[in-house]
Amino acid sequence: MHLILYRPESLITSVVSLTHDERESWRRAFYHGPAFPTMSKILLGNIALKWLRQICSSTRKEIYDSFFVRGPPTEVIQALVPALSQNEGSKEDHNIFCLNIERILVLCLIENKGVCQIVEEFTFSNKQDDGILNPEKSTFISRVAQLLASIPDKATTGAASALTSSSFFKSVVSQLLVRAEEAAIESSADKDGNEQGVLSPVFLFVGQVLSRISRRGSTGVLVAELIPMILNHLQRCVASDRKTIIPDMVKNVSQSRFWFNVVESLRDQHSIERLTEEMLRQLASQHISDEEAYWILWTLFNQSIMHMTVMRAMFIDKFLLWKTFPLCCLRWILHYAVFEFPPNSVMETQIQKTSNFIVTVQTLVSVWSKKEFVQSYSVEQQAYITAAIGLCLENMSKRELEMTKDVLNCILQGVTCKLESPIDLVRKMASAVALTFSKIVDPKNPLYLDDDCSENVDWEFGVLSPKRTKAPSHDVELGSKSKPCSRENRRHAGEKKAKAIRHDISDNRVKIVEIKSLDSDEMSGAATNLGEHCDEESMDIDASSDSSLEPYDLSDDDTDLQKNFTHLSDLAAALRKPDDLDGVERALSSAEKLVRASPDELRHNSGDLVQALVHVRCSDAATEGEEDSAEEKRQKALVALLVTNPFESLDVLTKLLYSSSVDISQRILVIDVMTEAARELAETKIINKQQWYGNLISDTSPSWLVPSDRGPLGASPWREVSEPGSLLSWSHRYEREVPSRSGQVKSGKSRKWGLRKAKDLQVEGSKNKFPLYAAAFMLPVMQGYDKRRHGVDLLNRDFVVLGKLIYMLGVCMKCMAMHPEASALAPALLDMIRSREVSQHAEAYVRRSVLFAVSCILIALHPSYVASTLIEGNQDISTGLEWIRTWALQIAEADPDTECTSMAMNCLRLHSEMVLQTSRSLESAEHSKAGTRALSSKLDNIIIPFANMM
C-alpha cells in the first residue's frame, strides 16, 4: 500500500519539474490537437448551461475564463465562432449559450489583444518553417481571417456593444495594423532572417482580414483607422530640417516596408477600389492638404501600381471616366497617376511629361468631344471629366499640345457641341475649356465665351464640392438665359435666345397672379402724399435762385416732331423697312401700346403685323448694347396680339412655326410668345364689385350716431358712406378728411366711424379666358412635329425647339387645370409624348420637358373625370395614366440625368395622388348608384406606385 501511494506522488513531482520547452510542447499538443476542441464543447455546453451561473465571478475568471484566454487565439476562434450557429435546446438555453461565447470572444480578442497575438503567432511559426508559406498554411490563415470577420454577423441581438460591426472592426483593424507594423520593424532589424519570407503570412492575414471587412460594408471604419496611422508614419519620415517630403525619405524608414505592401496584400480588386474611393472621400472631408494626400497615395499604391496594370487602370480609367469625386480628389488622382509629381513642386514646370500623361489627355478629350457624351452622361459626370481636361490643359505647354494627336480637333469639336446645349451648366463647361485652351495657344488673347468667365476658372462648377447640399424647390431650371459674350457676338443676341431656356417644374396648383385693387383710403392717402411731395419739390425749385435760370438742352427736341404711329398698317409697313432703322426702332416701341388699345383694324391687320414682328431683325435695328431691349419689345407686342386677338394671330403663328422661311431663333420666339400669352390669358384677377344700396327707411332728423363736428381746423364735414354687400345695414359709417398736423410729413388719413370694414364685404370674382382658346393653341402645333422637312428637324437637330414646344404644351395644360377642356385635350397630348422618339429622346432637355408636361397633365385632370371615363369603359385615359407610371419609374431608376430622376419622382407622387382622388370618386359613385356593379374593379386599371410597400 505504501508503494502504491508513493509512486503517484513521485510522478506528480516529476511533471511539475518539466522544463519550459517541454511545457510548451505539451501545451501545443493540447491546444492544437483534438483535446482543446473536445474540452471546449464540454465547457461551453453542459458546464455553461448548468453550473457556470452558480460559480462566483473570481473563480470563473481564474478557472473557466483562463482556459480560453491562455489558449492560442487562432484555436479559440475556431472553437467558439462556429458554435454560435448551433441550436441548444430551448430559446433560453440558446441565449445563455450564445451570450457566454460572446463574452469569451470579447475577453480574448478585444480585452486581451487577441488579434495582436494572432499576428505574433503567424510571425513565429513562419520563422520556424524557414519563411516557407505552404498551401496548407495559407488555407489555415484564410479560415482564421474568415471566422474573425464573421463574428459581428453571427452575434445575437443581445450581444455586447463591443461586438457590433463598427466597434469590433475598429478594434480589430487597430490591433492588426499596429502589430503588423511592429513585425515589419522587427523583421527589418533581423539581418540574418529572410524579411519577405517572414512577413508573408502576416501580409496574407492582413490582406484577408481587410478584404473581408471591406466586403462586409465597413470600409469607412477601416479607412478611419488607416488614415491617422499613415499620417503619423509620414510625419516620422520628414526630417526636422526639411519641410517637404521626397521619396528617399519614405523609403529609408523601416516601417515603410509594411505600408508599401498593405494594398498589394489585399489581392481583391473590388475591395481595393472600395478602400481607395472611401479614403479619397474621407481625406476630402477632412480638408487635408494636397501634398499630404499625394504622399498618402504614393506610399500605399506606388509599389503595386508599378507591378500591377489593373491598379493603374483603376486610377486612370475608373476614377477619371466612370467615378465622380470632389475636385480636390481629382487633383490628387491627376498628380499621382497622370502627372506623376507632387503638387506645388519646385520642379513642376521643369519635369518632362510622360507618355502616360499624353495618352490620358487624348483619352479624356476623345470621350469629351462626342455628342453622345452630353446625352448619356450625367451633368455631374460631365463636370468631373471637364475639370479633369481643364486641369490637364493647365499643365501643358503649346509644344506639348502640338505633339498630342487629334487633341486640337477634339477640343474644338467638343466646345462646339456643348455650346449648342440648352443647359447653361454644359455651356459653361465649354467656355471654361475654350478659355484654358486659348491661354495655351495665345496667352495674350484669351477667349472669353461668357461674360461670367474669369481669368481663373472654377472647375467645381458648383457640383464638385466635397459637401454639397441641395435645397428642395418646386422649380427646376432647364437652362438659363445666355448673355452675349463679346462685342462681335452682341448683334446676334436675338439668335442666341434659342439657347436661353428656363422651365418651371409643375406645382400642385396652377400659379395664379392676383391683381388686388387698392383700398380707397390707401389710394386717397397715396394721392395726398404724392401731392404733398410734388408741392414740396415745386417749392424747392422756386426757392432756388440760380438753377432755375439755367438753359434747357434742346439738342434732341426733334424727337418730339417725329411721326407717332396711329394705325397698325403703318406699324407693319415700318417694320418691313430694313433701311430705316430708326423707324423700325420706333415701331417696336409703339407696337405693344397700340395693340393693347384694341383699335377696330386689329382684327384685319393682326396677321400681317404678326408676320412683320416675327421677321424683323432686332439686332440690326437696335443700337449696340440694347439688343435685349428691342427683343423684349418685340416679344411683348406679339404677346399683346395673341391676348387681344387670339384666333387670327394664332392662325399665322402656328403656320410660321413649321415654315421653312424662319430660323431656329424665330421658332423659339413663336413658342415663347405662345407660352407667355397662355399664362396671361389664364391669370386670375380679383374683381371688386361694389354694391350700393339705399336705406329702406329715411330719417330726416339727425341721428345720435352722427359724430360731433368738433375737430381740428380745416377738417371736412362728416359724410355717410353706404355699407356694401348687404340689403340691411345695422350700422352707419361716416368719414371725413383730416388735415396734417404741424411738422407732420405724412398726410393724415380718413377717420372711419362704424362697426364693420368695407373690404370684408367685397365680392370677388375670377375669370380664366384661356380654356376658350386652348384648342387653338395646342392642336395645330401638335400636328407635323415629327415630319422632317426643309429647315425643320425637331426630333434630331432642332431638339431645343422640340423641348420648348412640349414645355409650352405643358404650360397650356396647367393654365386650364380642372376645366373640361383639359380632359378633352389631355389624350391628344399624351399620344404625342408617348411616342418613343419623344419620351425616349437622347437629349436630357427633351426628357425634362416631357416630364414637365406629364406633371401638368396630372395636375390638370379632374379626378371625377378620370372616374367617369373608367365607369364608361373608356380606356384612353387609364392607358395613358398607366404609361405615365411605368415610364416615370423607368426614368427614376435608370436615367443618367439627375434632374430627370427627381422630376420623375415628382410625377409618381402626383400620379399616386390622382389615383387616390379617383378611388374616392369611384367609391362615392358606387354608393350613389346601388345598381352599378363592380365599380371598384375599375381602379385596377390604374396602379398606385409602391403600393406594396405601404
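Where in the chain does Arg 267 lie? Arg 267 is placed in the loop between helix H14 (256–266) and H15. The structure is a predicted model, in which local features need pLDDT of at least 70 and side-chain atom pairs count only at pLDDT 80 or more, while totals for chains, interfaces and linings use all residues. Residues are numbered from 1 along each chain as its sequence is written, and side-chain values use heavy atoms, with hydrogens and water left out.

## Overall make-up

The chain contains 41 helices and three strands. Of the 950 residues in the chain, 47% are buried. Here buried stands for under 20% relative accessible area, exposed for over 50% and partly exposed for values in between, with a 1.4 Å probe and protein chains only. Contacts, defined as heavy atoms within 4.5 Å, were also sorted by separation in sequence: among those between residues at least 6 apart, 74% join residues at least 24 apart.

## Two helix pairs

Two packed helices are described by the angle between their axes and the distance between the axes. Each axis is a line fitted to C-alpha atoms, for helices over the stretch in contact, and angles between N-to-C directions run from 0 to 180 degrees.

The axes of helix H33 (residues 664–682) and helix H34 (residues 770–778) come within 9 Å of each other and cross at roughly 160°. H33 is therefore roughly antiparallel to H34. By the convention used, angles under 35 degrees count as roughly parallel, over 145 as roughly antiparallel, 65 to 115 as roughly perpendicular and the rest as oblique. The crossing of H33 past H34 is left-handed; a crossing has this hand if the near helix is turned anticlockwise from the far one by less than a right angle, and is right-handed if clockwise. On the H33 side, Met 674, Ala 677, Ala 678, Leu 681 and Ala 682 meet Phe 770, Tyr 773 and Phe 777 of H34. The residues of this contact divide into eight nonpolar, no polar and no charged. In this classification Ala, Val, Leu, Ile, Met, Phe, Trp, Tyr, Cys and Pro are nonpolar, Asp, Glu, Lys and Arg are charged, and the others, Gly among them, are polar.

For helix H16 (residues 290–307) and helix H18 (residues 327–339), the axes come within 10 Å and cross at roughly 45°. That angle makes H16 oblique to H18. H16 passes H18 in a right-handed crossing. From H16, Asp 290, Ala 293, Tyr 294, Leu 297, Trp 298, Phe 301, Asn 302 and Ile 305 meet Arg 331, Trp 332, His 335 and Tyr 336 in H18. By class, the contact of H16 with H18 has eight nonpolar, two polar and two charged residues.

H15 is mostly covered, with twelve of its 17 residues buried. Among them are Ile 272, Leu 275, Met 279 and Leu 283. After H15 comes His 287, whose phi is positive, near 55°.

H24 is also mostly covered, as 15 of its 18 residues are buried. Thr 436 has its place in H24 and counts as buried at 5% relative accessibility. Not counting residues up to four places away in sequence, Thr 436 touches Gly 390, Leu 393, Glu 394, Val 457 and Trp 459.

Ala 904 is found in helix H41 (residues 898–928). With a relative accessible area of 0%, Ala 904 is buried. Ala 904 and Ala 888 are 16 residues apart in sequence, and their C-alpha atoms are 5.0 Å apart in space. Leaving aside neighbours within four places in sequence, Ala 904 is in contact with Leu 851, Ala 888, Ile 891 and Ala 892.

## Loop residues with positive phi

Arg 267, a residue other than glycine, has a positive phi near 65°. Its relative accessible area of 69% makes Arg 267 exposed. Met 818 lies in the loop between helix H35 (799–815) and helix H36 (820–833). Although Met 818 is not a glycine, its phi is positive, at about 65°. Met 818 is partly exposed, with a relative accessible area of 44%.

Technical notes
Helix = DSSP H or I, 4+ residues; strand = E, 2+ residues; numbered from the N terminus.
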